[in-house]
Amino acid sequence: MSSPAGQKRSASHLTSSSVDAKKPKNSSITSFFRPPKAKTVGTTSAPKSSFNKQGWVASLTPEQRELLQLEIDTLDDSWLAQLKEELVTPEFLALKRFLQKEKQSGVKIFPPENEIYSWSRYTPLHKVKVVIVGQDPYHNYNQAHGLAFSVRPPTPAPPSLVNIYTGIKNDYPSFERPPDKGGLLTPWAERGVLLLNTCLTVRARQAASHANKGWERFTQKAIDAVARVRSHGVVFLAWGTPAGKRVADINRQKHSVLQSVHPSPLSASRGFFTNGHFKKCNEWLAERYGPDQVIDWSLTSGTKTTSPLATIQSPLVSGDKLADSSAKRSEPQAPELADRVTEPSKLLNTDEFDDDIDALEALAATETAS
């Protein structure tokens, strides 16, 4: 039978061990009993990943490692973790062999090699809120840099992007076009707008020259990854029939899918300017994640194109003075008409219509009939 002193020492030891096991290190007794911090539903912080990039690279064959060096070096890890299985498929490796031959033959390819995956670095997978689906990269010099619809300065915004600005202006009258006719959309990408072309490379001055070589399958996997990983919901903006096909299988219960005609001058007047996509996108994000998670569509410093959210979200009563004034503000503004009225015959030699298959087919049919 143990002594009272022995019992006391045993109880004391048990009490001390229990407290030490439960008490977090480097914290006060006050913080120990404080309620845990609530998690924000719309958080975009980087999740903990079990992806072992070094181990995956080590598992590749020498040929695979050679062919996939660009992906290893420049595809953001958040995307690489989800697309690594696609990268080693026979289809993707065949695409890489094709691109390798193109490079060896001296063909000029756009965008520059180190910018092919810039969309993944500007918009890591865990930060995606909106997806804008493009088609072919711009195929003239000093244009494509890996983000759909975007061009680097001093290249002026192409006609389709000018029409996108008009659409934003009609949704948000406070929107200001970038100075010097700029078309750089990296601010959107950094705010969670994934600007993804369906095809990621093209020969100089040869539209759709890298179509049906394997990019379409790869970028579809990227779109599918967004739909799967961003399970709380994102907004997909699909302009034109080709983009619409890319989002055909998206779960509309989880995500918002907004479709319309393409913004090129050949088709924008058939509904793009009044589709309200930029406002509808923010309405959905505000409802799903809260007002602080909407997209600021501004591209000029010192301005913010998101407000007034109260006006966006409030239902307008027919006959109300506010409704009348708001309706007038939402109509296409007269100064913008010059941006969209251009004779098709003067535009056919540009690379602006590679996405706009519907409009090109309609134009071809009209010319045949005449």
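I began with burial: 47% of the 370 residues of the chain count as buried, where buried is under 20% relative accessible area, exposed is over 50% and partly exposed lies in between (1.4 Å probe, protein chains only). The model is predicted, so I noted that local features need pLDDT of at least 70, that side-chain atom pairs count only at pLDDT 80 or more, and that totals for chains, interfaces and linings use all residues. Residues are numbered from 1 along each chain as its sequence is written, and side-chain values use heavy atoms, with hydrogens and water left out.

I then looked up the secondary structure. The chain has 17 helices and 6 strands; these are DSSP runs, helices (H or I) of at least four residues and strands (E) of at least two, numbered from the N terminus. I also checked contacts, meaning heavy atoms within 4.5 Å. Among contacts with a separation of 6 or more, 70% join residues 24 or more positions apart.

**Helix pairs**

I took H6 (residues 77-87) with H11 (residues 215-229) and found an angle of about 140° and axes 10 Å apart. Axes here are lines fitted to C-alpha atoms, for helices over the stretch in contact, and angles run from 0 to 180 degrees between N-to-C directions. The angle makes H6 oblique to H11. Under 35 degrees counts as roughly parallel, over 145 as roughly antiparallel, 65 to 115 as roughly perpendicular, and the rest as oblique. From H6, I listed Trp79, Gln82, Leu83, Glu86 and Leu87 in the contact. From H11, I listed Arg217, Phe218, Lys221, Ala222, Ala225, Val226, Arg228 and Val229. By class, this contact has 8 nonpolar, 1 polar and 4 charged residues. Ala, Val, Leu, Ile, Met, Phe, Trp, Tyr, Cys and Pro count as nonpolar, Asp, Glu, Lys and Arg as charged, and the others, Gly among them, as polar.

Next I took H9 (residues 159-171) and H13 (residues 277-289). Their axes come within 7 Å and cross at roughly 60°. That makes H9 oblique to H13. H9 brings Ile164, Gly167, Ile168 and Asp171 to the contact, and H13 brings His277, Phe278 and Lys279. I noted 3 nonpolar, 2 polar and 2 charged residues there.

**Ser260**

I found Ser260 in strand E6 (residues 256-260). Ser260 is buried, at 18% relative accessible area. Leaving out residues up to four places away in sequence, Ser260 touches Ala238, Trp239, Gly240, Phe272, Asn275 and His277.

**Cysteines**

I searched the whole structure for disulfides, pairs of cysteine sulfur atoms within 2.5 Å, and got 0. Cys199 is buried at 3% relative accessible area. Cys281 is buried too, at 0%.

**Backbone**

I noted a cis peptide bond from Phe110 to Pro111, with omega near -5°. Pro111 sits in the loop between strand E1 (109-110) and helix H8 (118-122). Pro153 and Pro154 are also joined by a cis peptide bond, with omega about 10°. Pro154 lies in the loop between strand E2 (130-134) and H9.

I looked up positive phi values as well. Arg205, not a glycine, has a phi of about 60°. Arg205 is in the loop between strand E4 (202-203) and H11, exposed at 56% relative accessible area. Asn212, not a glycine, also has a positive phi of about 60°. Asn212 lies in the loop between E4 and H11 and is exposed at 71%.
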